[in-house]
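Here is a short report on a single structure.

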Amino acid sequence: MDSIAYVNGSFVPLSEAKISVLDRGFLFADGIYEVSAVLDGKLVDNASHLARLERSVGEISLRLPETLERVTEIQKELIARNKVASGLVYLQVTRGADKGRDFPFPKGDVKSSLVMFTSAKDIINAASAKTGIKVITVPDIRWERRDIKSVALLAQVLAKQAAAEAGAGEAWMLQEGYVTEGGSSTAFILTKDDVIVTRKNSNAILPGCTRKAVIALAEERQLRVEERSFTVAEALAAKEAFITSASQFVQPVVTVDGKAIGDGKPGPMATRLREIYVEFAKATAV
């Protein structure tokens with residue numbers, strides 16, 4: 001059965017959802033996106049995602065065609081129309097379609113484009129949460145404004161493809177010997193001294209919404225968290241490693257480049273943080 005998408009004011013079957021070939025998101029990757037998780041038919045931590053959306057569009061002088069309140073209404077209507085119990089809502093806003101292809105921003109009255117769709121996914125019961133995932137490392141070849149959630153994802157596509165070909169669940173990107181982040185996730189390690197380590201927010205990484213929530217939840221429980229860079233060697237010497245993202249929550253990492261982290265099995269910290277985050281997600285979803 002065809003699901004329903006939202007395209008610039010209209011709810012339409014996904015198979016009929018269309019935008020102009022002149023849309024600047026298509027031509028220049030001139031756009032921003034967000035992905036929010038859905039549990040029990042409700043949006044998880046959505047205010048955080050919309051705050052990041054607002055920041056990202058502001059960084060590239062892109063006007064949202066709808067208020068954040070209206071965006072939320074559309075997200076909820078899509079969830080209801082598609083009867084999504086567990087899954088994801090994707091939204092993308094671009095600078096719209098001009099009369100031709102020209103690099104500078106369009107002049108005149110060109111309205112931004114807003115597109116959304118949903119996908120079903122059993123995030124909580126994912127088998128990989130019990131087995132852990134393998135990670136490979138790749139050079140970080142992205143631009144210098146990774147804090148903007150741009151739809152320009154070619155470097156991430158190549159990283160994720162390399163991971164898929166290697167039978168891994170994620171790729172960690174490296175710059176000057178340090179892990180920046182995953183292709184679509186934030187990277188964490190747990191040191192021998194039980195310190196949770198993840199890279200500090202800057203223009204070098206995306207400020208992950210799940211990352212933010214997991215750090216806050218850990219600190220509420222008096223767990224030690226350090227926001228700093230770490231190397232692959234430090235990760236391999238760590239007790240545990242894990243990633244966070246809206247589409248995976250907290251996911252244990254058991255190997256990096258074929259070498260085991262700890263005993264090569266999901267560790268108790270990652271497992272517990274996943275449980276804590278799921279509790280938070282269920283309790284606060286709206």
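## Helix 6

Helix 6 is followed by Q222, which has a positive phi near 60°. This is a predicted model.

Buried residues in helix 6 include C209, T210, R211, A213, V214, I215, L217 and A218.

## Largest pocket

The largest pocket holds about 710 Å³ of space. It has 40 lining residues, and Y33, K149, G183, S184 and L206 are the closest to its centre. Helix 6 is among the elements that give two or more residues to this lining, as are strand 3 (31-39), helix 2 (46-59) and strand 13 (240-245). Helix 5 gives the largest share, five residues.

By type, the lining has 18 nonpolar, 15 polar and seven charged residues. The pocket lies between domain 1 (4-120) and domain 2 (127-284), because both give residues to its lining.

## Largest nonpolar core

In soluble globular proteins, nonpolar side chains tend to be buried together. Here the largest nonpolar core has 28 residues. V44, I196, F242, F249, L273 and Y277 touch the most other members.

Helix 6 turns up again: this core takes at least two residues from it, and at least two from each of strand 3, strand 5, strand 10 (186-190), strand 14 (249-256) and helix 8 (268-284). Helix 8 supplies the largest share, seven residues. Domain 1 and domain 2 each contribute at least three residues to this core.

Technical notes. Residues are numbered from 1 along each chain as its sequence is written. This is a predicted model: local features need pLDDT of at least 70, side-chain atom pairs count only at pLDDT 80 or more; totals for chains, interfaces and linings use all residues. Side-chain values use heavy atoms; hydrogens and water are left out. On a 1 Å grid over the protein atoms alone, a cavity is a set of points where a 1.4 Å probe fits but cannot get out, and a pocket is an open set with protein on both sides within 12 Å along at least five of seven lines; lining residues have an atom within 4 Å of a point. Grid points are joined across faces, edges and corners, and a volume is the space filled by probe spheres set on the points. Helices (H or I, at least four residues) and strands (E, at least two) are DSSP runs, numbered from the N terminus. Ala, Val, Leu, Ile, Met, Phe, Trp, Tyr, Cys and Pro count as nonpolar, Asp, Glu, Lys and Arg as charged, and the others, Gly among them, as polar. Domain bounds come from an automatic or database domain assignment. Buried means under 20% relative accessible area, exposed over 50%, partly exposed in between (1.4 Å probe, protein chains only). A nonpolar core is a set of buried Ala, Val, Leu, Ile, Met, Phe, Trp, Tyr and Cys residues joined through side-chain atoms within 4.5 Å.
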